[in-house]
Amino acid sequence: MFNKIRAHLVQNAASILRSPIQLLPQTVQKKALLEGLKTVFKESLEDGDFEFLEGKWLKVSIKDLNLNWCISYEGEKLVVADKPVQEDVSFAGNLNDLVLIAGRKEDPDTLFFQRRLSIEGDTELGLEVKNLMDSVDLDLLPKAVQIAMNQLADFVHKGVQSEPAQSEVKHAY
C-alpha cells in the first residue's frame with residue numbers, strides 16, 4: 001500500500017507542486033535558490049571554482065514545473081537574473097530526474113543519453129558545470145541538508161522504480 005502511495009506521489013509530484021510554486025513571488029524563489037546554491041556550493045565558491053561562469057549565463061529549467069532560472073557569477077558571487085537573458089548553456093530536466101541527480105541516485109550522463117536531461121548551448125561550458133556539480137562533496141553539506149536530500153532522493157528513486165511494476169500489473173489483466 002505504501003509503495004502505491006509513494007509511486008503515486010512521485011509520479012504526480014510536479015502537478016502537485018506546480019501551482020504553489022508558481023504562486024511564490026519571483027523574489028522569494030530567487031532568494032531560496034541563491035541560498036540553496038550558496039549552501040551546496042559553499043566550498044566551490046570559496047575556492048573560486050565558478051570563475052568559468054563569469055560573464056556567462058547558465059539556464060536551469062525544471063520542465064514539468066515550468067520553472068526557469070538564469071545563473072551567473074559576478075564579483076565572486078552567484079547571481080540570478082531578474083529578467084530573461086540570453087543563456088550560454090542550458091540544463092533542463094523534470095523534477096524527479098533532477099532530484100535523483102542531486103541525491104546521486106542517477107548519473108547525469110545516463111539521463112542525458114536517455115534524453116531525460118538536456119544540455120544545450122556551449123558544450124565546453126556545459127561540461128564545466130557538470131564537472132562542478134559532480135565535484136560537490138555531499139558529506140560537507142550541513143547534516144540536515146544531507147539527510148533531507150538523501151531521504152527525498154531515496155523516496156523518489158523507490159517511487160520511480162515501482163512505477164514500471166505497477167504498469168506491468170495493469171497491462172497483465
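**Labels and their cut-offs**

Tutor: Start with Lys63, which sits in the loop between β1 and β2 (67-74). The model is predicted: local features need pLDDT of at least 70, side-chain atom pairs count only at pLDDT 80 or more, and totals for chains, interfaces and linings use all residues. Residues are numbered from 1 along each chain as its sequence is written, and side-chain values use heavy atoms, with hydrogens and water left out.

Student: What makes Lys63 buried, exposed or partly exposed?

Tutor: Buried means under 20% relative accessible area, exposed means over 50%, and partly exposed is in between (1.4 Å probe, protein chains only). Lys63 has 46%, so it is partly exposed.

Student: Which residues does Lys63 contact, neighbours within four places in sequence aside?

Tutor: Ala92, Gly93 and Asn94. Contact means heavy atoms within 4.5 Å. Gly36 is 27 residues from Lys63 along the chain, and their C-alpha atoms are separated by 19 Å.

Student: How do you know that β1 and β4 pair?

Tutor: Two strands pair if DSSP finds at least two bridges between them. Strand β1 (residues 58-62) and strand β4 (residues 89-93) have five bridges, in the parallel sense. Ser61 stands opposite Ala92 in β4. Helices (H or I, at least four residues) and strands (E, at least two) are DSSP runs, numbered from the N terminus.

Student: Why are β3 and β5 called edge strands?

Tutor: The sheet is open, with five strands in the order β3-β2-β1-β4-β5 and mixed pairing. β3 (77-80) and β5 (117-121) each have a single partner strand, so one side of each is left without a neighbour in the sheet. Neighbouring strands are turned by 20° against each other on average, direction ignored.

Student: What is the label for Ser118, and what does Ser118 touch?

Tutor: Ser118 belongs to strand β5. Its relative accessible area is 23%, so it counts as partly exposed. Ser118 touches Ser90, Phe91 and Ala92, not counting residues up to four places away in sequence. Ser118 and Ser61 are 57 residues apart in sequence, yet 9.6 Å apart in space, C-alpha to C-alpha.

Student: What makes α4 a mostly covered helix?

Tutor: Six of the eight residues in α4 (residues 95-102) are buried. They are Leu95, Asn96, Asp97, Val99, Leu100 and Ile101. The helix lies across β1, β4 and β5, running at about 120° to β1. Axes are lines fitted to C-alpha atoms, for helices over the stretch in contact, and angles run from 0 to 180 degrees between N-to-C directions. Just after α4, Arg104 takes a positive phi of about 60°.

Student: Why is the Glu35 and Lys38 pair called a salt bridge?

Tutor: The rule asks for a side-chain nitrogen of Lys or Arg within 4 Å of a carboxyl oxygen of Asp or Glu. Glu35 and Lys38 meet at 3.2 Å, N to O. They are three residues apart in helix α2 (residues 26-40), about one helical turn. An α-helix has 3.6 residues a turn, so residues three or four places apart point the same way. Lys31, Glu35 and Lys38 are linked in a network of salt bridges. By this rule the count comes to eight salt bridges.

Student: Which parts of the chain does the Asp154 and Lys105 bridge tie together?

Tutor: Their side chains meet at 2.6 Å, N to O. Asp154 lies in helix α7 (residues 143-172) and Lys105 in the loop between α4 and α5 (108-113), so the pair ties together parts that are 49 residues apart in sequence.

Student: How do you know that Asp109 and Lys130 pass the salt-bridge rule?

Tutor: Their closest N and O atoms are 3.8 Å apart, and the limit is 4 Å. Asp109 is in helix α5 and Lys130 in helix α6 (residues 123-135), 21 residues apart. Asp109 is partly exposed at 32%, whereas Lys130 is buried at 10%.
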